[in-house]
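Okay, thanks for coming, everyone. I'd like to walk you through one protein today, so let me put it up on the screen.

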Amino acid sequence: MIPNDPILTTDPFDAICTALSTQLMSLVPSLKNAVQGWPDPKWFEDTGANFPSVFFVMVSDKGKSMTSRNLVFASVKNPDGSTANVYYERERLQYLLQISLFTTDPQERLDIGWAIKQYLINTMQLPINAVDTARFVYTGHDHMPEGRDNFYQRDIGFEVTARVLDGSVANLNKTIQQNNTVS
């Protein structure tokens with residue numbers, strides 16, 4: 001086990017939301033917030049001071065066990081030069097993610113929603129930590145409920161795949177001889 005490794009101690013969904021938040025805030029400078037979870041009703045009390053904002057909502061999740069510890073998912077050389085962190089995929093998680101955009105302007109809802117949708121369709125794989133990426137697949141869900149109380153909502157759905165990793169520290173081989181012995 002690799003002690004205190006942030007890759008192994010962070011929930012993959014949290015890592016996805018953190019990476020996605022950073023990317024979307026840079027992509028759309030007019031966004032004021034990109035938050036994991038559904039908005040608290042208090043967000044809507046201040047006549048739109050919090051908007052436009054996006055919210056990442058996990059609709060469902062499922063996992064597939066990847067039981068073979070013989071398959072190395074990734075290996076990262078440590079600064080000491082003689083060891084590496086070796087990561088194994090224990091489980092592959094698939095989330096149904098709804099990205100909900102709220103704006104106070106119907107044109108913003110169209111423009112920002114399209115920018116987010118286009119970015120994730122084109123990017124497909126988003127780095128979520130030093131070794132893993134989240135894979136995004138558009139589900140075809142793009143819903144714009146009727147605007148009310150001067151708020152406009154757009155919900156866009158994606159299937160997102162990430163991994164639960166396990167790891168260990170391993171010594172690096174220096175050289176491998178032709179007869180497959182290590183020296």
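Before I talk about charge: I'm counting Lys and Arg as positive and Asp and Glu as negative, with His and the chain ends not counted. And keep in mind that this is a predicted model. On that count, the chain has 15 positive and 20 negative charges, and their mean positions sit 9 Å apart.

Now the overall picture. We've got three helices and seven strands. Going from the N terminus, the order is α-α-β-β-β-β-α-β-β-β.

What about the dimensions? The C-alpha trace spans about 75 × 30 × 25 Å along its principal axes. The radius of gyration comes out at 21 Å, whereas a compact globule of 183 residues would be near 16 Å.

Let's go inside. Of the 183 residues, 39% count as buried. The largest nonpolar core has 29 residues, and the ones with the most contacts inside it are Leu20, Val54, Phe56, Ile99 and Phe136. Helices H2 and H3 each supply at least two residues of this core, and so do strands E2, E4, E6 and E7. H2 gives the largest share, seven residues.

So who does Leu20 touch, leaving aside neighbours within four places in sequence? That would be Phe56, Leu97, Ile99, Leu120, Leu126 and Phe136. There's also another core lying apart from that one, with seven residues, including Leu8, Ala74, Val131 and Leu165.

Notes:
Residues numbered from 1 in each chain as written. Predicted model: local features only at pLDDT ≥ 70, side-chain atom pairs only at ≥ 80, totals over all residues. Heavy atoms only, no water. Helix = DSSP H or I, 4+ residues; strand = E, 2+ residues; numbered from the N terminus. Rg over C-alpha atoms; globule rule 2.2 N^0.38 Å. Buried < 20%, exposed > 50% of the residue type's maximum accessible area, 1.4 Å probe, protein only. Charge placed at Lys NZ, Arg CZ, Asp CG, Glu CD. Core = buried A, V, L, I, M, F, W, Y, C linked by side-chain atoms within 4.5 Å. Contact = heavy atoms within 4.5 Å.
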